[in-house]
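This briefing covers selected local features of one protein chain. Please keep the sequence and the 3D view open while reading.

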Amino acid sequence: MRQKLFGLIFLLACSLQTQAQITGRVINTQQEGLAQVNIFIENSYQGSVSNQSGYFELPVVNTDSLTLVFRYLGYKTLKRKIIMNAPQYDCGTIVLEEEPTSLDQIVVSKQQNKGLILIKKAIANREKNLNLTKAYTANFYSKGIWKIQNAPEKILGNDLSDLRSKLDSTGSGIAYLSETVSQIKFQAPDNFHEKIIASKLSGDDNGFSFNSAQEAEFNFYKNSIELRQNLISPIADYALNHYNYQLADLFYDEQNHLIYKIQVQPKNPKGRVFSGFVYIVDETWQLYGIDLQTTGEAIQFEAIETIDFKQNFSFNPVDQQWVKQTQTIDFSWSILGVSGDGRFSAVYTNYDFNPQFTSASFGREILAFDTKANDKDSMFWQGQRPIPLTDEEQQDYLKKQQLANLQNSKRYQDSVDAINNRFKIGNLISGYTYKQSYQNQRWQIEAPLKNLHFNMVQGYNLRLPLRFVKTDPKNNTFYSFAATPQYGFSDKTWRGSFTYTQKFNNFSKPFLSISLGSEAKEINNKSSTPLHLYDLALIGFQKNYLKLYANQFARISYSNELANGLRFYSALSFNKRDVLKNRAHHGFFKSSSQFYTPNNPLDARDQPASDLFTPHQMLQYEIGLRIDFDQSYYLYPDGKYTVSSSKYPRFFLYYNQGWATDLDTYNFSKISLRVNQNLSWQQRGNFSYFARGGFFIGGDKTSFIDYQHFDSTPTQIRLKQGLDRFYLLDLYSHSTTNTFAEVHVQHNFKGWILGKIPGIKALNLNLVATGKALYTQEHNPFIEVGLGLDNLGWGKYRILRLDFVKSLQSGNQNDFGVFVGLSL
């Protein structure tokens with residue numbers, strides 16, 4: 001026992017001897033605190049940055065003496081030699097002076113653009129400098145803060161009481177504050193892994209930060225920066241087509257390197273571009289610093305107002321290269337009368353550019369958490385945090401910890417539920433939820449008005465979905481019971497279904513679902529048209545597109561990930577099917593002269609209704625595999641979160657077997673394969689494709705319900721932009737029980753074409769080209785080609801898309817159409 005005690009004392013003494021901390025504050029000559037000043041130990045990769053008030057903390061390994069470097073873009077670099085004679089060293093106040101303009105040191109003729117000459121050299125050396133950091137390990141620290149102002153009680157009917165409880169009385173304050181400490185390793189071109197050692201989330205001791213090194217990786221040596229759009233780097237190979245350059249200043253750093261400050265101005269401010277300054281080192285043409293800004297218009301997310309990037313690089317004479325040491329991303333946003341801003345700061349330390357990687361160093365896991373990542377105490381963070389907390393941040397941690405203790409109590413949650421569970425008139429539109437938050441369970445009733453529809457079989461019909469959900473927040477699992485009664489006022493028939501669903505874990509994500517009931521089901525099982533669009537077409541334009549049949553069913557389905565990138569699906573169902581006919585005789589306005597097409601999609605308007613199929617019973621089995629090659633994943637303590645690779649397509653392989661228990665001619669087997677992929681062509685936009693094909697075995701005389709149907713848009717309004725949907729194809733014209741194949745391609749040019757046309761480029765629109773083709777044995781190939789305009793709208797609300805489509809199959813009545821929809 002004594003030996004263990006002495007051992008612990010010895011380890012503690014060693015720790016106190018080897019760990020030290022340097023503190024201080026950096027100000028300008030006007031006595032104002034300077035935020036994001038880069039502070040590092042000379043000739044090392046160990047550093048920190050100052051917080052918004054100018055204060056800094058730098059954990060160091062105790063040594064006799066060291067030299068601190070204080071660097072801030074636009075200010076003179078300052079060095080200070082320090083002799084460490086105690087675990088804590090206070091530098092006091094460090095004053096930085098602005099760097100005077102030095103352009104008079106060079107002579108530039110009127111015919112020369114010195115900035116352009118210099119940037120060309122940086123572009124010529126871009127790939128060589130990119131390869132200098134082709135493999136490394138490092139330590140990473142990140143702090144993210146997101147503030148909100150004037151948050152309302154509700155937005156578009158969504159209750160914000162949970163968020164408001166963390167803000168002040170005006171709905172303003174810190175909505176998100178988090179820190180991470182991690183170890184990262186990288187090997188070009190795209191091998192990456194991050195192990196998060198510590199994670200801290202304000203207000204949630206069991207929560208995990210969203211901050212990660214990969215999400216914070218913005219490398220301006222690459223041709224493009226992916227930020228919702230592919231923004232063009234100012235030193236990209238093709239950057240000269242998009243930017244103008246001007247030499248703004250030059251100066252020498254603390255090691256006598258000549259640094260050029262070059263102003264970057266976009267030729268098209270609404271293009272996929274930045275503006276601001278890049279700092280280039282003479283002779284090596286490496287980056288010394290980045291001070292660039294982009295806008296919500298540039299990334300086509302207008303709720304964002306500005307995003308500012310600041311990066312500082314330091315030179316190490318041992319490795320003879322400049323490497324990124326600190327990064328700050330500031331952003332501001334505003335929408336629906338609510339605004340806010342935020343900052344994500346990152347510090348990289350202890351680089352090793354000669355790691356001994358092996359074939360086992362990297363795998364499909366790109367992020368993992370230490371088992372005790374969120375158990376670190378305040379002493380750990382005080383010793384590891386390179387950016388000191390501001391007073392506001394310290395108060396937020398303290399306040400939200402106290403608030404979390406209160407909000408997690410049964411008494412508090414029951415009292416909040418008692419208020420929120422009161423029924424209000426608005427629930428008729430938004431639906432009603434009864435919560436028991438402490439038990440992690442809720443009862444839900446969807447809005448009656450939302451579920452009121454009209455079709456020619458049931459007439460006006462009302463669905464009232466009811467659901468009970470029990471969750472396990474710690475393991476991110478749940479089980480639920482759902483019941484959906486429905487009544488048709490014209491056919492005077494009650495229908496309904498009952499469903500049980502359970503998610504067993506959040507790693508392989510196994511789902512089990514059991515359901516049974518009676519329903520009026522759409523014949524085209526591939527249709528994704530919302531019921532409200534069918535309602536609008538029928539009531540407003542007397543177009544009867546929705547075709548239904550009666551189905552009594554029992555179904556059980558199960559899915560699970562068998563291995564990374566390989567997911568298994570299966571389902572077994574029994575169906576008793578019957579024909580339905582029109583029972584309603586009018587639409588919204590009664591009219592005895594109005595005639596609607598029969599419920600049989602094969603009957604013409606001027607023919608009497610006939611039966612589409614013979615009533616029968618069908619036992620069906622489905623099995624499927626989804627294959628994602630090169631799938632990566634984030635491994636959190638509460639689950640696995642996958643990231644699909646764009647290098648390879650995603651495959652779905654399905655087998656469907658049907659046995660008609662009372663009508664052998666309806667038996668069938670079907671095998672199908674689906675492939676889709678999204679590809680980024682950088683500044684040229686994004687290309688996507690979807691292909692599906694298959695064939696039937698012994699299904700020549702099967703029920704029309706089990707034919708292979710195809711999805712299309714029966715109305716000119718297209719609320720869903722699914723790539724696998726046709727525009728002009730009739731919903732049932734090409735349904736088949738033979739070999740079939742369909743291909744859909746789309747290219748969104750993302751401003752590459754329209755952004756170059758004077759006058760039009762100011763509209764910030766995207767040109768979208770589409771092509772679609774369908775082959776079935778019974779028909780000539782059906783082809784559609786189209787051009788569309790994306791990012792339509794006004795102000796911050798640019799969510800519309802307009803498509804002009806032409807079909808090329810002879811004899812097709814709808815050979816041209818104009819479609820408007822959402823681009824979400």
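**Gln-677 and its surroundings**

The side chains of Gln-677 and Tyr-689 make a polar contact of 2.7 Å. The model is predicted.

- Gln-677 belongs to strand β37, which covers residues 668-680.
- Because its relative accessibility is 8%, under the 20% limit, Gln-677 counts as buried.
- A polar atom of the Gln-677 side chain lies 3.2 Å from the backbone oxygen of Lys-647.
- Apart from neighbours within four places in sequence, the residues in contact with Gln-677 are Ser-646, Lys-647, Tyr-648, Pro-649, Phe-687, Ser-688 and Tyr-689.
- Between Gln-677 and Tyr-641 the C-alpha to C-alpha distance is 19 Å, with a separation of 36 residues in sequence.

**Gln-325**

- Strand β20, residues 321-335, contains Gln-325.
- Gln-325 is buried because its relative accessibility is 0%, and buried means under 20%.
- Leaving aside neighbours within four places in sequence, Gln-325 is in contact with Asn-38, Phe-40, Ser-44, Tyr-45, Gln-46, Gly-47, Asn-312, Phe-313, Ser-314, Ala-346, Val-347 and Tyr-348.

**Nonpolar surface patch**

- Ile-514, Ile-556, Leu-572, Phe-574, Leu-619, Tyr-621 and Trp-659 make a nonpolar surface patch of about 550 Å².
- Strands β32 (566-579) and β33 (616-628) each supply at least two residues of this patch.
- Tyr-621, one of the patch residues, is found in strand β33.
- The relative accessible area of Tyr-621 is 30%, so this residue is classed as partly exposed.

**Backbone features in loops**

- Ala-188 and Pro-189 are joined by a cis peptide bond, with omega at about 5 degrees.
- Pro-189 lies in the loop between β11 (173-187) and β12 (191-201).
- Gln-31 is a residue other than glycine with a positive phi, near 65 degrees.
- The loop between β1 (19-27) and β2 (38-41) holds Gln-31.
- With a relative accessible area of 56%, over the 50% limit, Gln-31 is therefore exposed.
- Arg-228, also a residue other than glycine, has a positive phi near 70 degrees.
- Arg-228 sits in the loop between β13 (224-227) and β14 (229-232).
- Arg-228 counts as exposed because its relative accessibility is 54%, and exposed means over 50%.

Definitions and conventions. Residues are numbered from 1 along each chain as its sequence is written. This is a predicted model: local features need pLDDT of at least 70, side-chain atom pairs count only at pLDDT 80 or more; totals for chains, interfaces and linings use all residues. Side-chain values use heavy atoms; hydrogens and water are left out. Helices (H or I, at least four residues) and strands (E, at least two) are DSSP runs, numbered from the N terminus. Buried means under 20% relative accessible area, exposed over 50%, partly exposed in between (1.4 Å probe, protein chains only). Contact means heavy atoms within 4.5 Å. Patches are made of residues with over 30% relative accessible area and no salt bridge: like charges are joined within 9 Å, nonpolar side chains (Val, Leu, Ile, Met, Phe, Trp, Tyr) within 5 Å. Accessible areas come from the Shrake-Rupley method with a 1.4 Å probe; for residues, only the protein chains shown count as cover. A salt bridge is a side-chain nitrogen of Lys or Arg within 4 Å of a carboxyl oxygen of Asp or Glu. A polar contact is a pair of N or O atoms within 3.5 Å; within protein, one must be able to donate a hydrogen and the other to accept it, and residues adjacent in sequence count only if both atoms are side-chain atoms.
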